[in-house]
Amino acid sequence: MIGVLGGTFDPIHYGHLRTALDVQQALGLDEIRLVPLRDPPHRDAPLTTPRQRLEMVQAAVESNPLFHVDDRELRRDGKSYSVDTLRSLRQELGDTLPICLVMGSDAFRGFADWHQPENILELAHLVIMQRPGEAPIDLYRQRITNDPAQLKTQRGGLILFQAVTQLEISATGIRSLIAKGRSPRYLLPKRVLKIIEAQGLYR
Ligand code: ATP
């Protein structure tokens, strides 16, 4: 069973990395795939190029064999819809392997408005990480399970709320610090900060 965490990663930070590791450990996932999105449908365009974001994600996970960077969305033109990502992953991984689409509770809040949510649930489970300050969400109640073992019994269709380390870190907060000339140190890996500084990103 694998986990897939899509994101703009503009830039990637410890709020992504620590929580993704929490999910990997709690569910015993074989790997977490980080999928940088080219053009996320529900938000403003990223400030940096796909190449810069990919470079930062690769630098962030370089020393962790459990994390893999998957650049398929950056190679594809147009909007990055999760349903398309999952269909493409299914072609690679086959029809039966359980896939967990991992997202923060802020992302899940808008899930019903995503492109083809029912098809997403047909292709994968959802694993929701609680983000600081997010109220509980009442959506798809009949699909919710509290038992991680159940996720391994089918390829998708279930929703699990996973407790994770509460880190009030956001890419927006990091970009805003840098724009004000302040340091984002200790909010993200040093290697990522080095790339930001060397290329003068977010100033
Ligand atoms: P931005 O501030 O630019 O919106 P972000 O920090 O939320 O960015 P994204 O790349 O949009 O980062 O997030 C990718 C995924 O990671 C989303 O599902 C989001 O909910 C989740 N996520 C981001 N930060 C955290 C965090 N601190 N704790 C838990 N989940 C997070």
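Start by selecting helix α1, residues 14–27: it lies across β1 (2–7), β2 (31–36), β3, β4, β5 and β7, and runs at about 125° to β5. Angles here run from 0 to 180 degrees between N-to-C directions, with axes fitted to C-alpha atoms, for helices over the stretch in contact; contact means heavy atoms within 4.5 Å. Helices (H or I, at least four residues) and strands (E, at least two) are DSSP runs, numbered from the N terminus.

A quick note on what you have open: this is a predicted model, where local features need pLDDT of at least 70, side-chain atom pairs count only at pLDDT 80 or more, and totals for chains, interfaces and linings use all residues. Residues are numbered from 1 along each chain as its sequence is written, and side-chain values use heavy atoms, leaving out hydrogens and water.

Next, pick helix α2, residues 50–61, which packs on the sheet, touches β2 and β3, and makes about 160° with the direction of β3.

Now show the strands. Seven of them form an open, parallel sheet in the order β3-β2-β1-β4-β5-β7-β6. β3 (67–69) and β6 (144–145) are at the edges with a single partner strand each, so one side of each has no neighbour in the sheet.

Zoom in on β5, residues 125–129, where 5 of 5 residues are buried (under 20% relative accessible area, 1.4 Å probe, protein chains only). His125, Val127 and Met129 sit on one side, Leu126 and Ile128 on the other.

Finally, click Ile128. Met103 stands opposite Ile128, and in β7 its bridge partner is Phe161. Strands count as paired if DSSP finds at least two bridges between them; β4 (99–104) and β5 have 5, while β5 and β7 (159–162) have 4.

Technical notes
Buried means under 20% relative accessible area, exposed over 50%, partly exposed in between (1.4 Å probe, protein chains only).
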